[in-house]
Structures are given as C-alpha cells and as structure tokens.
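Colleague: I would like to learn how to read ring contacts and backbone angles in a model. Can we work through one together?

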Amino acid sequence: ARGRFTLVATRANGCHAFAVYERAALGGGELRAVALHVLGVVEGRVASIDAFLDASLFPRFGLALTRPRP
C-alpha cells in the first residue's frame, strides 16, 4: 500500500544504506523500524542490496527504533 514504508538514507559500514520504517497497521501515529538495506555499489551502479530484517541493529547505527509519522 502506498505510504506503508518510509526509507531514511544512512550509511552502514561505509556503504550507502536505507533504514526502513513501517507505519502501524491501524494508522497509528508512529513508524517502527523493520529493516536495514545496505547497497553494494560497483563502478557507480547498485550491484547488490542486502536486507537485514532485524530492527535490533538500528541503535548500532545511531538510528531510532521509532519515528513520528510524517
């Protein structure tokens, strides 16, 4: 569904990455952490995307477990 996920640009271990947040199923007031997507870039192009479906990783990268809904 449109607007279900919000991506926040970040870095992980020196690589480009996105923190993925999901809105509450019932339209709650905040977004919750669900995944960290780390991009592998080769010669300026995205060569791979590794998805870590473990919200417990967020604090290690200075990311909040929840965000206010925009």
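Colleague: Which residue lies over the face of Y21?

Modeller: Keep in mind that this model is predicted. R67 lies over the face of Y21. The distance to the ring centre is 5.5 Å.

Colleague: How many aromatic pairs are there?

Modeller: Ring centres must lie within 6.5 Å to count as a pair. By that rule there is one aromatic pair. Y21 and F58 form it, with 5.4 Å from centre to centre.

Colleague: Is the pair of Y21 and F58 stacked or edge-to-face?

Modeller: Look at the angle between the planes: over 60 degrees counts as edge-to-face. For Y21 and F58 the angle is 85 degrees, so the pair is edge-to-face.

Colleague: Where do Y21 and F58 lie?

Modeller: Y21 is in strand β2, residues 15-23. F58 is in the loop between β4 (45-52) and β5 (66-68). The pair therefore ties together parts that are 37 residues apart in sequence.

Colleague: Are Y21 and F58 buried or exposed?

Modeller: Y21 is buried, and F58 is buried too.

Colleague: Now the backbone. What is the phi of N13?

Modeller: Start with the general idea. Most residues other than glycine have a negative phi. N13 is not a glycine, yet its phi is positive, at about 55 degrees. N13 sits in the loop between β1 (5-12) and β2. N13 is exposed, with a relative accessible area of 72%.

Colleague: And where is E43?

Modeller: E43 is in the loop between β3 (30-42) and β4. E43 has a positive phi of about 55 degrees and is not a glycine. E43 is exposed, with a relative accessible area of 79%.

Conventions. Residues are numbered from 1 along each chain as its sequence is written. This is a predicted model: local features need pLDDT of at least 70, side-chain atom pairs count only at pLDDT 80 or more; totals for chains, interfaces and linings use all residues. Side-chain values use heavy atoms; hydrogens and water are left out. Rings of Phe, Tyr and Trp (its six-membered ring) pair if their centres lie within 6.5 Å; planes under 30 degrees apart count as stacked, over 60 as edge-to-face and the rest as tilted. Helices (H or I, at least four residues) and strands (E, at least two) are DSSP runs, numbered from the N terminus. Buried means under 20% relative accessible area, exposed over 50%, partly exposed in between (1.4 Å probe, protein chains only). A charge sits over a ring if NZ of Lys or CZ of Arg is within 6 Å of the ring centre and within 35 degrees of the ring normal.
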